[in-house]
Amino acid sequence: MTQRTVEKSLEPILAKGYAHPEVLVTTEWVAEHLDDPNVRIIESNEDPLVYPSGHIPGAVEVDWVRDLNHPIIRDYLDREAFERLMRRIGVTPETTVVFYGDKNNWWATYAFWVFQLFGHTNAKIMDGGRQKWIAEGRPLTREVPKYPPTEYRAPERNDRPIRAFRDDVLAHVRAGKRLVDVRSPEEYRGERLHMPGYPNEGALRGGHIPGAVNIPWSRAVNEDGTFKPAEELRAIYLQEAGLRPDEDVIVYCRIGERSSHTWFVLKYLLGFENVRNYDGSWTEWGNLVGVPIER
Amino acid sequence: MASENPALWPPKLREYLETLEWLQDPQERYAFLIELADAFRPVPPEIATPPYPKSNLVPHCESQAYVWAVEAPEGHAFRYYFAVENPQGLSAMAMAKILDDACSGAPAWQVAHLPDDLPQRIFGSRLSMGRTMGLEGMVAMVREPARQHLAACPVCQQALAEVQNA
């Protein structure tokens, strides 16, 4: 693989004008790196049937429930579990991990976000996700790869820079800082407690966190599942919603997966310096005693 | 009308559920369900051709599944046909295969008692809320014509009473 070819396959990303284009790769780039020992392709989906039914050759699966969530506490895996996960999927601190998945990369960006809690910054998202790979007629396999276990020493999880907890959100609200509610307008207005077409469950009250602006996550993606270019994203998040890249922003949804998508957009594609994902999101805030809501 | 009593369900459905219960390893269970999805065959053209009517569309199904119920020639039963428009709709395809195998030709009084939580029994607790709704919708569209038939058919009601009193 020549450097020139690699760069050519990334030109569509560079052309979109992102603040940090290095966090995205194209499907073509992934196709060129299927046998690259320094690259580990990781599929993360909502539907557990999708990966075993066919995945990018050589891709391993990281499941958001089994692999990333704590089995008992509503929290993420701890350092030891993260190290075990990385050894199991054959990743070293130097390995470039490339995430992709179903649902417009919801779970891919969610996994990417969790990996950042442990400082694995050598991480990328495949623009367009599984949908684009399949639409382009690229190969899938049902063969589950096995990689030699690696040595991986992770730092303790550091939530502070990119994760917000309910007390952080309350202080944020009281300080009049900006929040982005990435759910559907019906959920934002309190007419529904989940996406349209999903059952109404999960929170006692409908509405949104006071002061939050509603920008559904889906506004950031094109029909083919790729992210919109920076200029279009700036029109939505900066000009229309009035957000500024230098201000402290918290994003949330219902359980934190859709908002990890918007977190990725703000932090890497638009270069926001301080953006945190409130993964407790509406399933926590909508059930909390003593916190304000708006409808 | 849905029932938690397996004795009221089609025997083939009980077989499927016993097999799935036996497959404790999630990977084995997924492999079995994917095999079923692979074996799914969509509605034949003599029953329906695209674009399919909205009346056969399963509400809230992310995979755009359709269900048809046609009275079976032997009477007191239906033949079921399915289409799944989303090629990635594996759960819907596996569900369609199970419902077809278990319910086509089965007595209407049995199909009328399909349990509400059938998707969870088949796919386990990992089912997302969105997919649960769609799969429950498929079950409901299979069960409803059987329920209506049972409500209007003394022969079926007698057959059901015999099982319940046994």
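Buried area is the accessible area, taken with a 1.4 Å probe, that two parts lose on being put together, summed over both. In this predicted model, chain B and chain A bury about 1700 Å² between them. Carbon and sulfur atoms account for 58% of that area.

**The contact between chain B and chain A**

- Chain A contributes 21 residues to the contact, and chain B contributes 17 residues.
- One salt bridge is counted between chain B and chain A. The salt bridge pairs Asp38(B) with Arg142(A), and the closest N and O atoms are 2.7 Å apart.
- Two residue pairs in polar contact, both at pLDDT 80 or more, are also counted between chain B and chain A.
- On the side of chain B that touches chain A, at least two residues come from each of helix H2 (26-39), helix H3 (90-103) and helix H6 (129-152) of chain B. H2(B) gives the most to this side, with five residues.
- By residue class, the side of chain B that touches chain A comprises seven nonpolar, six polar and four charged residues.

**The five-stranded sheet of chain A**

- Five strands of chain A form an open sheet with parallel pairing, in the order E1-E5-E4-E2-E3.
- The edges are held by strand E1 (24-25) and strand E3 (60-61) of chain A; each has a single partner strand, so one side of each is left without a neighbour in the sheet.
- Strand E2 (residues 39-43) of chain A runs parallel to E3(A), and two bridges join them. Within this pairing, Ile42(A) has Val60(A) in E3(A) as its bridge partner.

**The four-stranded sheet of chain A**

- A further open sheet in chain A has four strands with parallel pairing, in the order E7-E6-E8-E9.
- Strand E7 (213-214) and strand E9 (274-277) of chain A stand at its edges; each has a single partner strand, so one side of each lacks a neighbour in the sheet.
- Strand E6 (residues 178-181) and strand E8 (residues 248-252) of chain A run parallel and are joined by four bridges. Opposite Leu179(A) stands Ile250(A) in E8(A).
- Helix H8 (residues 166-174) of chain A lies across E6, E8 and E9 of chain A, and runs at about 125° to E8(A).

**Thr141(A) and its surroundings**

- Thr141(A) is placed in the loop between helix H7 (129-135) and H8 of chain A.
- A polar atom of the Thr141(A) side chain lies 3.0 Å from the backbone nitrogen of Glu143(A).
- Apart from its neighbours within four places in sequence, Thr141(A) is in contact with Gly54(A), His55(A), Ile56(A) and Pro57(A).

**Backbone features in loops**

- In chain B, the peptide bond from Pro50(B) to Pro51(B) is cis, with omega near -5°. Pro51(B) belongs to the loop between H2 and strand E1 (65-71) of chain B.
- In chain A, Lys103(A) has a positive phi of about 55° although it is not a glycine. Lys103(A) is found in the loop between strand E4 (96-100) and helix H6 (106-117) of chain A.

Key. Residues are numbered from 1 along each chain as its sequence is written. Chains are lettered from A and ligands numbered from 1 in the order in which they are written. This is a predicted model: local features need pLDDT of at least 70, side-chain atom pairs count only at pLDDT 80 or more; totals for chains, interfaces and linings use all residues. Side-chain values use heavy atoms; hydrogens and water are left out. Contact means heavy atoms within 4.5 Å. A salt bridge is a side-chain nitrogen of Lys or Arg within 4 Å of a carboxyl oxygen of Asp or Glu. A polar contact is a pair of N or O atoms within 3.5 Å; within protein, one must be able to donate a hydrogen and the other to accept it, and residues adjacent in sequence count only if both atoms are side-chain atoms. Ala, Val, Leu, Ile, Met, Phe, Trp, Tyr, Cys and Pro count as nonpolar, Asp, Glu, Lys and Arg as charged, and the others, Gly among them, as polar. Two strands pair if DSSP finds at least two bridges between them. Axes are lines fitted to C-alpha atoms, for helices over the stretch in contact, and angles run from 0 to 180 degrees between N-to-C directions.
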